[in-house]
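Hi everyone, thanks for coming. Could you put the sequence and the structure up on the screen, please?

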Amino acid sequence: MKLYTQRFGSGILLTLMFLFVFHFAQAQVEVGKTYRIVSLAAPTMSLITQNSSLESNANIVLWAETDVASQQWTLSGTLPETTTLRNAYSRLTFGLSKTAEGGTARQGGTGGRWTLEAVNENENIYKFQQKSNGLYLTAIADEHGKFIDGSVPQMAAATDDLTQQWKLIEVEPKTTFTAAMREEMMDAYVKKAVESVGSNRQTFGKGGWGEAEQLEVVLDAYETTGRADYLTLAKNIYNYFNANVGTSWNKLVYTDSYHWFGHDFNDDVMWQIMAVARLGLLTGGGKNNSYIRAAKKNFDIIYNRAYIPEVGLMRWAESSGDPWGTNSCIAGPTEVAACYLGFAGCGEEYFDKARELYQAQRYALASNMATGKIWDSVVWNPETMKVKSKNEWASTYNQGTMLGAACMLYKYYGETKYLSDARKIMSWTKSNLCDSKGIVNVCQGGDNHDLYGFKGILMRYVRRFARDCKQDTYKEWLLKNALHAYCNRSTEGVTSTAWLQKGTAENTSDDFGCSTAASAAVNVILDDDPALPYEEAPQYNAISQLWQEPLFNGMPKYYDLSGRCVMKPTRRGTYIVCCGGKNSKIIVQ
């Protein structure tokens, strides 16, 4: 201080000291910045819109801090007497059910202008007052004097205790879903759900079709992040499955180590075939890849066991269901699995099977794609081959797998009917299985455990639809659903199958259910995503009915199904047809 005085003189020094003190005496909060609002009576909790609701008049509640946009508030207006707080996620203002005593905190409610009465400006601690009546926002404890998740603040007369004191902590608003948030959600899910069971062996739930779908979420994560540890995890999950079930999957395994019902449920095996075929494609592909060989072997076993030639569809179960009944939960997965095997080079016959099954499902379980709604199941009378019963209930996973099959068949055959079907399926799904904000609002829990994992399957195929069919609108839809699931994560960082509810220890106890939010996260499409590590080729040319591959001057070289070259490109943009010893020139449009 002595040197400071000598250099600037006492008058200037006093002025600078005044400015220094004045600066720290002023309010540290600023209009335009975003804050957490923490109760000093419950310092681990902050204010959030209940269940991250996007609706007006939803409660604003205290909740353990989870660092999400719905727990953040942006200041506007004029400090300190006409301040407005707007939720960073819903963009609705902090209001009340009524401004009178006992009025509860509501977003978009009345009394949206507040006076911030300083308690300790240096620490950003304030009381929130309604100027019209002098009442203050007050944290409310339960009958035991504890502050619990979900408690709703109320308006009350002034007190000196901590229930009316709120600390504003500046944060960066988390209103855009990012790659970092995607990995946060996936890593939290893996940490919670995965169990190591020996060297290079891991499991989610020690069996069941849900394990196959959770394996697919790991593969999704590898595709969209490129992280090698996700691929290693996928291999380890398969290793444990293989150690318990073996190379033939059409069997019952019921031990303390693993539960598998391949003796009965054809769809269970087909879900596993899809996952393992993908694992093969992601590890080099080709029909000699060990994962592809295993998937192909078991596809052939189940196809031969379950195919009903009279109707061109697959039987769902060998003993649990009607032998003359089929379900979309076996039709769609079989179509998708067949396409994966076709893309892996296992032969044109797999695309033929996928196309035949798809056409039969389209007729029997989608009313010839009249609306895009996919029915659950149908049973025929074997004597008359007329429909005996049907279940027109629609679900996210059946919508998802048929959407996936339409996209894959469109990618391979290039026929616009598949693209048209995919658009109808997705349009119906968004209109009927989502709320008014576009968030999936079905399969939110309940007694049927299978329902818990359905939404994650849909997310996977919406990514394929948006990516392969260039439907950018649904990139935004994926981001919106992922961000909502993120906002409702628990303190462990996981979200339950009920994305419309804030995560708790109780509702996130089911790991299969939690996989759906992880799937929503890893299936978003971001600008810096890595390229798909394999090429889904060769492509079928619908005009020439021949295989094609890029070769010369941007022009493909065509083969017949025996592998014999029958059309070679020339420098002039024509083709030489080489078959039967005769050559002629043609133009391929």
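Okay, let's start with a pair of side chains: which residue does the side chain of Lys206 meet in a salt bridge? The partner is Glu195, with 3.7 Å from N to O. By salt bridge I mean a side-chain nitrogen of Lys or Arg within 4 Å of a carboxyl oxygen of Asp or Glu.

Quick note before I go on. This is a predicted model, where local features need pLDDT of at least 70, side-chain atom pairs count only at pLDDT 80 or more, and totals for chains, interfaces and linings use all residues. Residues are numbered from 1 along each chain as its sequence is written, and side-chain values use heavy atoms, leaving out hydrogens and water.

Back to our pair. The cut-offs are under 20% relative accessible area for buried, over 50% for exposed, and partly exposed in between, with a 1.4 Å probe and protein chains only.

Now, buried or exposed: what is Arg464? Arg464 is buried, at 5%. Its salt bridge goes to Glu536, with the closest N and O atoms 2.7 Å apart. That pair links helix α12, where Arg464 lies, to the loop between α14 and β22, where Glu536 lies, 72 residues apart. Glu536 also counts as buried, at 5%. Overall, the count comes to 35 salt bridges.

Next, the nonpolar core. That's a set of buried Ala, Val, Leu, Ile, Met, Phe, Trp, Tyr and Cys residues joined through side-chain atoms within 4.5 Å. The largest one has 139 residues, and Trp249 is among those that touch the most other members. A second, separate core has 24 residues, including Phe94 and Trp166.

Last stop, a sheet. Three strands form an open, antiparallel sheet in the order β19-β20-β21. Strands pair if DSSP finds at least two bridges between them; β20 and β21 have four. At the edges, β19 and β21 each pair on one side only.

To zoom out, the chain has 14 helices and 27 strands, and 54% of its 589 residues count as buried.

Methods. Helices (H or I, at least four residues) and strands (E, at least two) are DSSP runs, numbered from the N terminus.
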